[in-house]
Structures are given as structure tokens and as C-alpha cells.
Amino acid sequence: MSTPQLVVHRDKDLMAQAAAARLITKVVDAQASRGHASVVLTGGRNGNGLLAALAAAPARDAVDWSRLDLWWGDERFLPEGDPERNVTQAREALLDAVPLDPKRVHAMPASDGPWGADVEAAAEAYAAELASAAGPENHASVPSFDVLMLGVGPDTHVASLFPELPAVRETERTVVGVRGAPKPPPVRVTLTLPAIRAAREVWLLAAGEDKAEAAAIALSGAGEIQAPAAGALGRARTLWLLDAAAASQLPRALYPPASP
Ligand SMILES: O=C1O[C@H](COP(=O)(O)O)[C@@H](O)[C@H](O)[C@H]1O
């Protein structure tokens, strides 16, 4: 697993634009070398900000959208089309504006889908979809995602892995249902830490003053059960993309980054 690296931008808009540019480059490079790319999207303010910046970036046309697989790190378990669903927000911010292959857009199940309100069955179905896309060389029965993005909540949650809840303790399954999430809605579907750690690169997005304490805790050696963001690591790279407000409480040794 990789050690977290930090990039701090002046403000959240610049952070979103720079992260969008970084993502475009990553996807274009992956498509050039392997023919396709896979990205895991996050919900929340920072994730949607990045997608909106990507939609506005002229360089978005460098991406071959038809050869991009999109997955989600978590979903609010609500009916299809609900405005609070992460996929609904992602569609509005970007997905409806680019020529994706619908078969490569792997939204997590909705609460009015084939599994009804059975969130565990919905989670199992998503795990099966991930497993069927994984090659024999892949880790943890999920594809080797090129980039997996995670918004960091003010309580250090990532995806729908909240401090101390059972989902963050999961060591076997790649996707689980969540009940009793402290942030509404209480019922959710989420990738687990083993699935997250199978990604080549994990990018954690944190902008705004309300993320400052969470970033400081997660980057100061906290345990992943108490601070799930601390356990979100990529195989090749773990990148924290912050704005100055979110970086304002980091220990001096981390911000500004110490020279070698
Ligand atoms: O509910 C969620 O929250 C987190 C963080 O959201 P933010 O608005 O505080 O940035 C998000 O990463 C997650 O995907 C989402 O379901």
C-alpha cells in the first residue's frame, strides 16, 4: 500500500479544476496504454464539484468516453432518480453531457430496483457485478480501478464507511449494505476497505473548513475504524487533494510538505 501524498490548492474551485485536469490525463493515459480505463466516482460536494469542473473543461474531449467504465464508491439507497442519489447528481453534473457507453455505467442499485428494500441483496448484486468485471490478475474480486475517488466527510467517513459502524470493519466482502448511517439517508450501499485498497490510485477530496479536522485526524496516524479515511489507500498511489481551508489544521510536518 502507498503512503499518502498531499496536494494543497488555493481554494475549492481551483482544487476541482486541477483534479478534473488530473483525471483527464489519467484516463487518457490508461486508454492509450490498455485501451480502456476504469474510474470509481464519489458523491458529495467535492465529488460533484470535480465532475462539474470536468464538464466545463475543453480537454474533456480528449477522453474516449465510450471506453470508460464508471463505478461508484457508495450510494444512498433511495428510489431510482431520487435527487439525493449520487448517480442522479453525477448525471446532472457530467454524465448526461458526455457520450458514455450505458453498459459501462455501473450505478449501484436503487431501493425500488429488483431487490426492493433488501439492501444486503442489493450490495451482493453489486459485488457480483464487480467480480464479473474483474480479471484473474485483479485483487479482491474487483477490477483494478485506475482511479478511485472518495470525498472525505467532516466525521472522516469515506464512501459510506462511517466511524465505528460494522461496514468499516468488513474484511472479506467487497460491497456491503449500511443501516443507521449518521448522515441521511440512513440506508446505503458501500464499497468496503478491501475493495477500495484494490484500486491502483485512491484520491481523497477534501475542500472547505468543515473538512479540516477530519483531514488532520486521518493524516495523523488515526486508526481506520475510528477514522475510515485513514484506511483508504491505493496500491500505487494515495493522493489527498485539499484546498487551503481543509489543510489548515494539518500538522506542520505535513503542511507545507516537508522537504526531502
Ligand atoms: O454522503 C456522502 O458524503 C460523502 C462526503 O460528502 P461531502 O458533501 O461532505 O463532501 C461522500 O463522499 C459520499 O459519497 C456520500 O454518499
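A residue is taken to be near a molecule or strand if its C-beta atom, placed from the backbone, lies within 6 Å of it. This is a predicted model, in which local features need pLDDT of at least 70 and side-chain atom pairs count only at pLDDT 80 or more, while totals for chains, interfaces and linings use all residues. Residues are numbered from 1 along each chain as its sequence is written.

**Around the ligand**
- Among the 16 residues around the ligand, those that come nearest are Gly 43, Gly 44, Arg 45, Gly 151 and Gly 153.
- Two or more residues of this shell are given by each of helix 2 (44-56), strand 4 (74-76) and strand 5 (147-151), where helices (H or I, at least four residues) and strands (E, at least two) are DSSP runs, numbered from the N terminus.
- Helix 2 provides the largest share of the shell, 4 residues.

**Helix 2**
- Buried residues of helix 2 include Gly 44, Asn 46, Leu 50 and Leu 54, a residue being buried if 20 or more other C-beta atoms lie within 10 Å of its own, exposed if 12 or fewer, and partly exposed in between, with C-beta atoms placed from the backbone.
- The cover over these buried residues includes helix 1 (12-34), strand 2 (37-41), helix 3 (86-93), strand 5 and strand 8 (201-206).

**Pro 194**
- Pro 194, which has its place in helix 5 (residues 193-196), is partly exposed because 17 other C-beta atoms lie within 10 Å.
- Although Pro 194 and Ser 141 are 53 residues apart in sequence, they are 9.6 Å apart in space, C-alpha to C-alpha.

Conventions
Two residues are in contact if their C-beta atoms, placed from the backbone, lie within 7 Å.
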